[in-house]
Amino acid sequence: MDAGASGDGEHPLSLPDRAHKISERLNGLILQEAARAGGKAPAYRELADRVNRIAGRSVISRDTIRNLHQATTQKGQPPNPTVETLDWLGLAFGIRCGATYFLDDAKAAVVDEQLHALNALADIRATAGNAGVIGLAQRASGLSDNSLHMLTALADRLSALEAEAAGDGGVATRPSHNGS
């Protein structure tokens with residue numbers, strides 16, 4: 001047992017448990033980046049280059065990133081990175097609280113929620129693809145729930161009509177109610 005641990009507080013994680021926690025969090029960040037890049041995960045060399053470029057000096061190697069990602073060194077030992085290494089690694093993914101993110105469950109949950117929201121916003125922006133859709137969304141943001149449901153139904157109907165027109169040589173079905 002660690003000399004600093006007491007029965008009152010939380011026990012520090014063992015080195016293998018800490019290595020697995022870091023590995024899981026790093027894997028999640030790599031998967032998120034791969035999803036944004038169309039399925040291509042960044043190579044360890046790319047990540048190391050990014051970290052070192054941000055740091056302005058050499059602070060991590062591709063082998064260290066691989067060891068952290070796999071939760072083991074080439075000698076079969078759990079990696080034991082410095083706080084500085086984890087801080088720089090976090091910054092490479094846009095996370096300012098690097099070491100805390102990799103080691104603290106509560107902080108990681110907050111950051112993961114923020115990352116999820118940012119990814120959702122990026123997805124919406126990518127899906128929108130043009131200023132007209134974004135402008136429509138901005139104007140719709142002040143509408144009541146009932147009006148939003150009607151706008152959604154109208155958009156669904158217009159999409160269906162366009163799909164029918166494209167697939168059936170321009171033949172579209174009539175709306176089921178008078179939509180004038």
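Is arginine 57 buried, partly exposed or exposed? In this predicted model, arginine 57 has a relative accessible area of 42%, so it counts as partly exposed. Arginine 57 forms a salt bridge with glutamate 84, with the closest N and O atoms 2.3 Å apart. Because arginine 57 lies in the loop between α2 and α3 and glutamate 84 in helix α4, the pair ties together parts that are 27 residues apart in sequence. Glutamate 84 is also partly exposed, at 39% relative accessibility.

Helix α4 also has a buried side. Its buried residues are Thr85, Leu86, Trp88, Leu89, Gly90 and Ala92, and they pack against α1, α2, α3 and α5. After α4 comes glycine 94, with a positive phi near 85 degrees.

The largest nonpolar core has 25 residues, of which Leu26, Leu89, Phe93, Ile95, Tyr101 and Phe102 touch the most other members. Helices α1 (15-36), α2 (44-55), α3, α4 (83-92), α5 (98-103) and α6 (105-128) each supply at least two residues of this core. Beyond its neighbours within four places in sequence, phenylalanine 102 is in contact with residues including Leu26, Leu29, Leu86 and Leu89; Lys21 and Arg25 are also among its contacts.

Tyrosine 101 and phenylalanine 102 are both buried. The structure holds one aromatic pair. It is formed by the rings of tyrosine 101 and phenylalanine 102, whose centres are 5.3 Å apart and whose planes stand at 75 degrees, so the pair is edge-to-face. Another ring, that of phenylalanine 93, has the charged end of arginine 50 over it, 5.6 Å from its centre.

The whole structure contains seven salt bridges. One of them joins aspartate 105 to lysine 21, with the closest N and O atoms 2.8 Å apart. This pair links distant parts of the chain, as aspartate 105 is in helix α6 and lysine 21 in helix α1, 84 residues apart. Lysine 21 counts as buried because its relative accessibility is 15%, whereas aspartate 105, at 45%, is partly exposed. Lys21 and Asp105 belong to a network of salt bridges together with Arg25. Elsewhere, glutamate 46 forms a salt bridge with lysine 40, the closest N and O atoms being 3.3 Å apart. Glutamate 46 is partly exposed at 37%, and lysine 40 is exposed at 52%.

Helix α3 (residues 62-70) contains histidine 69. With a relative accessible area of 18%, histidine 69 is buried. Its side chain makes a polar contact of 2.9 Å with the side chain of asparagine 27. Leaving out residues up to four places away in sequence, histidine 69 touches Ser23, Leu26, Asn27, Ile30 and Tyr44.

Methods
Residues numbered from 1 in each chain as written. Predicted model: local features only at pLDDT ≥ 70, side-chain atom pairs only at ≥ 80, totals over all residues. Heavy atoms only, no water. Helix = DSSP H or I, 4+ residues; strand = E, 2+ residues; numbered from the N terminus. Buried < 20%, exposed > 50% of the residue type's maximum accessible area, 1.4 Å probe, protein only. Polar contact = N/O pair within 3.5 Å; in protein donor to acceptor, adjacent residues only side chain to side chain. Contact = heavy atoms within 4.5 Å. Core = buried A, V, L, I, M, F, W, Y, C linked by side-chain atoms within 4.5 Å. Phe/Tyr/Trp six-rings, centres within 6.5 Å; stacked < 30°, edge-to-face > 60°. Lys NZ or Arg CZ within 6 Å of the ring centre and 35° of its normal. Salt bridge = Lys/Arg side-chain N within 4 Å of Asp/Glu carboxyl O.
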